[in-house]
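The report below describes a protein model through its pockets and cavities, its helix packing and a few individual residues.

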Amino acid sequence: MFLQDTSAESFMLIAGGDCLFAFGTADETGAPFEATVPDMFQHADMLCIAIAERADPCEQPAPNMPGRPGMFSFMPGRPDTPTPRLQAQERVLSVMVAPERTSEALSIHNGDVSPRPLENIFDPGLCGTAQLIADTVGRYRKTLPPSCLDGFAMTLLSRVAHHLDVRQRRGRDIPKSVSNALNYIHDRIATPLPLADIAAAGGVSPYHFARLFRKALGLGVKDYVKRHRLQTATQLLLESDAKIAEVAAAAGFASPDDMETAVRKSAGISPTALRKHVQSPAPARATLAG
């Protein structure tokens, strides 16, 4: 575990725990900034998110780099040492993560999701979260614990996992009973979700449904519900001003303590600490509908 800060006036490279953050704005001369990445990240998975306009919208982005704000690219297991580069007035957050951390994030979302390249995917929600994280890391880089950086990386990877999951499902045949059940889970995540009710939504008996679900998604119903509750809670913590108890209830946790246990296991810090570190006065934050 280490925390390394090699910040320049307009470019920042911070490594801590199992991840590395590189972001900033290049100067107006157009000369790109480059940074040497520590050896431990030589074969890291790399996530690049565009969080600001480039000076010339007609300028072509570098290969594998997102082309406009709201777009991201994900490159697992790069064969060479990645070197973050920023063109004039371009602001991109690059996150390099140890492959085992990526596997953990994908497992939390869905145990059957495999890492694969994603190029120029539009996700404004991910962009907004990345902007908050970039501002927070820059502002508090001297005091942030490495576990917090790991937690931020896991939060971003949870959205990547969603996109990978969607594309992976498209490539295989999901039984209609399982598809109906997934919709039922997502629509009622704030409520108790016993197996019998989920199976009924799929139109089959609990015994047969449990087998179908595991075969289709690679994990059990109970594990999937737990992971979706965690994903829902994390998103609400970062994107709303709802109280901790309200977030726990909206995500279907039995109590705020249960949610804290789940968040700590995933991000290494408490829900309150996770939210505190991404608080930013600039963007408007949503509230839960009453």
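Glu260 is partly exposed, because its relative accessible area is 28%, where buried means under 20% relative accessible area, exposed means over 50% and partly exposed means in between, computed with a 1.4 Å probe and protein chains only. Glu260 is placed in helix H9, helices being DSSP runs of H or I of at least four residues and strands DSSP runs of E of at least two, both numbered from the N terminus. When residues up to four places away in sequence are not counted, Glu260 touches Ser270 and Pro271, a contact being defined by heavy atoms within 4.5 Å. The C-alpha atoms of Glu260 and Ser270 are separated by 5.8 Å, and the two residues are 10 residues apart along the chain.

Thr261 also lies in helix H9, and Thr261 counts as exposed because its relative accessibility is 55%. Between the C-alpha atoms of Thr261 and Pro271, which are 10 residues apart along the chain, the separation is 9.1 Å.

## Basis and overall make-up

This is a predicted model, in which local features need pLDDT of at least 70 and side-chain atom pairs count only at pLDDT 80 or more, while totals for chains, interfaces and linings use all residues. Residues are numbered from 1 along each chain as its sequence is written, and side-chain values use heavy atoms, with hydrogens and water left out.

The protein has 10 helices and 9 strands, and of its 290 residues 48% are buried. Among the contacts in the protein with a separation of 6 or more, 74% are accounted for by residues 24 or more positions apart.

## The largest pocket

Rolling a probe the size of a water molecule over the atoms shows where empty space is left. On a 1 Å grid over the protein atoms alone, a cavity is a set of points where a 1.4 Å probe fits but cannot get out, whereas a pocket is an open set with protein on both sides within 12 Å along at least five of seven lines, and lining residues have an atom within 4 Å of a point. Grid points are joined across faces, edges and corners, and a volume is the space filled by probe spheres set on the points.

The largest pocket holds about 550 Å³ of space. Its lining consists of 22 residues, and those nearest the centre of the pocket are Asp223, Lys226, Arg227, Phe253 and Ala262. At least two residues of this lining come from each of helix H1 (99-109), helix H5 (195-202), helix H7 (221-239) and helix H9 (256-267), with H7 giving the largest share, 8 residues. The lining of the largest pocket comprises 10 nonpolar, 4 polar and 8 charged residues, where Ala, Val, Leu, Ile, Met, Phe, Trp, Tyr, Cys and Pro count as nonpolar, Asp, Glu, Lys and Arg as charged, and the others, Gly among them, as polar.

By class, the lining of the second largest cavity has 1 nonpolar, 6 polar and 2 charged residues.

Thr129 is found in helix H2 (residues 124-139) and counts as buried because its relative accessibility is 10%. Leaving aside residues up to four places away in sequence, Thr129 touches Thr155, Leu156, Leu238 and Glu239. Thr232 lies in helix H7 and, at 16% relative accessibility, counts as buried; with residues up to four places away in sequence not counted, Thr232 touches Ile189, Ala250 and Ala251.

## Packing of H4 and H6

Helix H4 (residues 176-187) and helix H6 (residues 206-217) pack with their axes 10 Å apart and at an angle of about 90 degrees, axes being lines fitted to C-alpha atoms, for helices over the stretch in contact, and angles running from 0 to 180 degrees between N-to-C directions. H4 is therefore roughly perpendicular to H6, given that angles under 35 degrees count as roughly parallel, over 145 as roughly antiparallel, 65 to 115 as roughly perpendicular and the rest as oblique.

On the H4 side, Ser177, Val178, Ala181, Leu182 and Ile185 meet Phe209, Leu212, Phe213, Ala216 and Leu217 in H6. This contact of H4 with H6 has 9 nonpolar, 1 polar and no charged residues.
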